[in-house]
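Reader: Hey, could you walk me through this one? I'm new to reading structures.

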Amino acid sequence: RLKKGGIEQIASKSIIDDSGHIAETFNSEEEKIKSIIIESADYQIKFDLDILIQEIFYHGILKNKITSDAFQKYFEEKSWLGKELTRVIKQGEIENYNWLELILPSFESYLGIMQNLIQTGEVPNFILSIDSMTLKIEGIIRDICHRIGIKTINISKSKTGQKIIREKDVNILLHEPKLVEFLSKDDLFFLKYLLIEKAGKNLRNKIAHTLLIHKENYHIGLVHLVILAILKLGKEEYTTKLE
């Protein structure tokens, strides 16, 4: 609990977006505690984990340990994201798909940029990799929801009485009780921090609404967090649960 008389007890806290608008406010004690936890995580990632993760990827690529073939082999052998999957679509038709096929081109683009950075020191540009992989993460989360029995659509009616079906976005899906139970507490916190928390990176929403309008926003620390999110969602613990 917050200490009585502390500044958090006196004043509400607001998150100001890049346009200068109030994006979110934290009024209750629970909300203020949440903001403090997210802010602490943000500081730790920016000033500690970003550097560690960058060094791991940098030296892994430099020593030819992190390659496209190694990435592909890991997912094909260890992760549900590298398996051939099926789902039922309209009128009972069966559709085959494979998440690795959708992720791999973006990862290969990232690798090429990193290799160029290592060789020339040229300032990297991860716009395509980050945009593509972030949106694939939402699809992966939606697929997990399908597989554990969460309805991923909302059904309503138009003014004329016609049925309207809309897909739930990741802002809703990450609060679904079954998904909260399925994911580890740490992974759920990280995914919310990265994708939807306004006090965090809020990356999914910023990309979906084109709010990242400077190439500097697409930095090396961010692309590694996105890759880390994919690795988390595809790890063996969840693969076993989904089999």
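Author: Buried means under 20% relative accessible area, exposed over 50%, and partly exposed in between (1.4 Å probe, protein chains only). This is a predicted model, where local features need pLDDT of at least 70, side-chain atom pairs count only at pLDDT 80 or more, and totals for chains, interfaces and linings use all residues. Residues are numbered from 1 along each chain as its sequence is written, and side-chain values use heavy atoms, with hydrogens and water left out.

Reader: OK, and where is Met133 found?

Author: In helix α5, residues 127–147. Helices are DSSP runs (H or I, at least four residues), as are strands (E, at least two), numbered from the N terminus.

Reader: What is Met133 in contact with, leaving aside its neighbours within four places in sequence?

Author: Ser106, Phe107, Val223, Val226, Ile227 and Ile230. Contact means heavy atoms within 4.5 Å.

Reader: New topic: how many salt bridges are there?

Author: A search of the whole structure finds 12. A salt bridge is a side-chain nitrogen of Lys or Arg within 4 Å of a carboxyl oxygen of Asp or Glu. One of them pairs Arg142 with Glu167, at 3.1 Å from N to O.

Reader: Which parts do Arg142 and Glu167 lie in?

Author: Arg142 lies in helix α5 and Glu167 in strand β6 (residues 163–167), so this pair ties together parts 25 residues apart in sequence.

Reader: Is Arg142 buried or exposed?

Author: Buried, at 15% relative accessible area. Arg142 also meets Glu138 in a salt bridge, 3.2 Å from N to O.
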